[in-house]
Amino acid sequence: LKLDKFEKSERFLKKDMNLSYLASSFDTNPNYLSTIINQHKGKNFNNYLNGLRIHYLVKVLYKEPIFRQYKISYLSEYCGFASRDVFGIAFKKETGMTPSYFIDQLKIDLQNDVEKTG
């Protein structure tokens, strides 16, 4: 499926990514693509796109310690959000936590892991 390829390509991080842009890159129309995303992903396009971005960022936060030091506004821009507020709402929707709380908890969890194994 083209959507799977899109998810692996990290093109979803582009700030200008939208339904029309993606549909034209798939040689289809936005309504059809929107329907496909709803059927296969159970989300509308914006929630689908935001979800991809948040899950990508969560992986980066786990793998790259330096990212845990960055400001929320930088993280928001890094994963393609035009606004820090939209990023915060999307992050909380996907993870159940605000970005800062998530990062604080991640630091604590990783520190505890180090103490257990160390």
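The model is predicted. Its secondary structure consists of seven helices and zero strands, and the order along the sequence is α-α-α-α-α-α-α.

**Overall dimensions and surface**

- The C-alpha trace of the chain spans about 55 × 30 × 20 Å along its principal axes.
- The chain has 118 residues, of which 34% count as buried.
- The accessible surface of the chain is about 7400 Å², and carbon and sulfur atoms account for 51% of that surface.
- Among contacts between residues at least 6 apart in sequence, 55% join residues at least 24 apart.

**The largest nonpolar core**

- In soluble globular proteins, nonpolar side chains tend to be buried together.
- In this chain, the largest nonpolar core holds 32 residues, and the members that touch the most other members are F6, L61, L75 and F87.
- Two or more residues of this core come from each of α1 (2-9), α2 (19-25), α3 (30-41), α4 (45-63), α5 (72-78), α6 (84-95) and α7 (99-117).
- The largest share is that of α4, which gives ten residues to the core.
- Leaving aside residues up to four places away in sequence, F87 touches I54, L57, I72, L75, S76, C79, F81 and P99.

**The packing of α1 against α3**

- The helices α1 and α3 pack at an angle of about 85 degrees, and their axes are 11 Å apart.
- Angles from 65 to 115 degrees count as roughly perpendicular, and therefore α1 is described as roughly perpendicular to α3.
- On the side of α1, the residues in this contact are L3, D4 and E7; on the side of α3, they are L33, I36, I37 and K41.
- Sorted by class, the contact of α1 with α3 comprises four nonpolar, no polar and three charged residues.

**Two loop residues with positive phi**

- E10 is a residue other than glycine with a positive phi, near 65 degrees.
- E10 is placed in the loop between α1 and α2.
- Is E10 partly exposed or buried? Its relative accessible area is 37%, so E10 counts as partly exposed.
- D27 is likewise not a glycine, and its phi is positive at about 55 degrees.
- D27 belongs to the loop between α2 and α3.
- Is D27 exposed or buried? D27 is exposed, because its relative accessible area is 74% and the cut-off for exposed is over 50%.

Key:
Residues are numbered from 1 along each chain as its sequence is written. This is a predicted model: local features need pLDDT of at least 70, side-chain atom pairs count only at pLDDT 80 or more; totals for chains, interfaces and linings use all residues. Side-chain values use heavy atoms; hydrogens and water are left out. A nonpolar core is a set of buried Ala, Val, Leu, Ile, Met, Phe, Trp, Tyr and Cys residues joined through side-chain atoms within 4.5 Å. Buried means under 20% relative accessible area, exposed over 50%, partly exposed in between (1.4 Å probe, protein chains only). Helices (H or I, at least four residues) and strands (E, at least two) are DSSP runs, numbered from the N terminus. Contact means heavy atoms within 4.5 Å. Axes are lines fitted to C-alpha atoms, for helices over the stretch in contact, and angles run from 0 to 180 degrees between N-to-C directions. Angles under 35 degrees count as roughly parallel, over 145 as roughly antiparallel, 65 to 115 as roughly perpendicular and the rest as oblique. Ala, Val, Leu, Ile, Met, Phe, Trp, Tyr, Cys and Pro count as nonpolar, Asp, Glu, Lys and Arg as charged, and the others, Gly among them, as polar. Accessible areas come from the Shrake-Rupley method with a 1.4 Å probe; for residues, only the protein chains shown count as cover.
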